[in-house]
Amino acid sequence: MSQAENIDVLMGYHDLLGMRVVEWQPDRAVIELTIEPKHLNRSDNVHGGVLASMLDSALSLAGLHCSVPDNIRKGMTLSLTTTFVGPARKGVLTATGTLRGGGQKTYMSSGEIRDAQGNLVAIGEGSFRRRSGSESPEGVPEETSGEPGE
């Protein structure tokens with residue numbers, strides 16, 4: 001998927017926050033969020049939980065790109081480390097996740113968040129596990145993806 005397309009893969013909690021995927025390709029995902037008052041903490045900076053959520057999503061998606069239209073790959077976070085570097089108060093934040101390594105099931109990604117002026121806001125790295133059926137780049141049809149109980 002190209003940078004110009006808005007990719008509608010985030011839902012639920014991500015919709016609530018207002019995150020949107022603006023680029024998704026093998027080994028890389030880019031997510032944007034327009035800062036609103038609901039994202040701010042008592043110091044009028046973007047809450048760390050919002051930043052951690054953006055990193056979690058971008059890093060996870062970096063290892064879940066699917067090469068077959070209308071198929072899907074799912075994963076889960078095993079660990080996430082976030083370092084907050086600077087404040088963000090307004091504008092658009094961009095989180096970029098890059099796949100760094102791993103195997104069919106478990107993979108590692110790292111990434112960063114920058115504000116509209118290019119200032120570094122946060123960095124992170126994580127380990128993730130692909131759900132059953134999501135090991136292959138081709139993924140599976142959405143209705144058959146996942147594991148029992150999902």
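This is a predicted model: local features need pLDDT of at least 70, side-chain atom pairs count only at pLDDT 80 or more; totals for chains, interfaces and linings use all residues.

Biologist: How many aromatic pairs does the count come to?

Modeller: The count comes to one aromatic pair. Its members are Tyr107 and Phe128, and the pair is stacked. The rings are 5.4 Å apart, centre to centre, with 25° between the planes.

Biologist: Why does that count as stacked?

Modeller: Because planes under 30 degrees apart count as stacked, and the angle between Tyr107 and Phe128 is 25°.

Biologist: Which strands do the two residues lie in?

Modeller: Tyr107 lies in strand S6, residues 106-114, and Phe128 in strand S7, residues 120-130. The pair therefore ties together parts that are 21 residues apart in sequence.

Biologist: And Tyr107, is that buried or exposed?

Modeller: Tyr107 is buried, with a relative accessible area of 0%.

Biologist: Let us change topic. How many salt bridges does the structure hold?

Modeller: It holds four salt bridges. One of them joins Arg20 and Glu32, whose closest N and O atoms are 3.7 Å apart. Arg20 is in strand S1 (residues 20-25) and Glu32 in strand S2 (residues 28-34), so this pair links distant parts of the chain, 12 residues apart.

Biologist: How accessible are Arg20 and Glu32?

Modeller: Arg20 is partly exposed at 26% relative accessible area, and Glu32 is partly exposed at 23%.

Biologist: Which residue does Glu23 form a salt bridge with?

Modeller: Glu23 forms a salt bridge with Arg28, the closest N and O atoms being 2.9 Å apart.

Biologist: What about Glu135, which residue is its salt bridge with?

Modeller: Glu135 forms a salt bridge with Lys105, and the closest N and O atoms are 3.0 Å apart. This pair, too, links distant parts of the chain, 30 residues apart. Glu135 sits in the loop between S7 and strand S8 (140-141), and Lys105 in the loop between strand S5 (92-102) and S6.

Biologist: How accessible are those two, Glu135 and Lys105?

Modeller: Glu135 is partly exposed, with a relative accessible area of 24%. Lys105 also counts as partly exposed, at 30%.

Methods
Residues are numbered from 1 along each chain as its sequence is written. Side-chain values use heavy atoms; hydrogens and water are left out. Rings of Phe, Tyr and Trp (its six-membered ring) pair if their centres lie within 6.5 Å; planes under 30 degrees apart count as stacked, over 60 as edge-to-face and the rest as tilted. Helices (H or I, at least four residues) and strands (E, at least two) are DSSP runs, numbered from the N terminus. Buried means under 20% relative accessible area, exposed over 50%, partly exposed in between (1.4 Å probe, protein chains only). A salt bridge is a side-chain nitrogen of Lys or Arg within 4 Å of a carboxyl oxygen of Asp or Glu.
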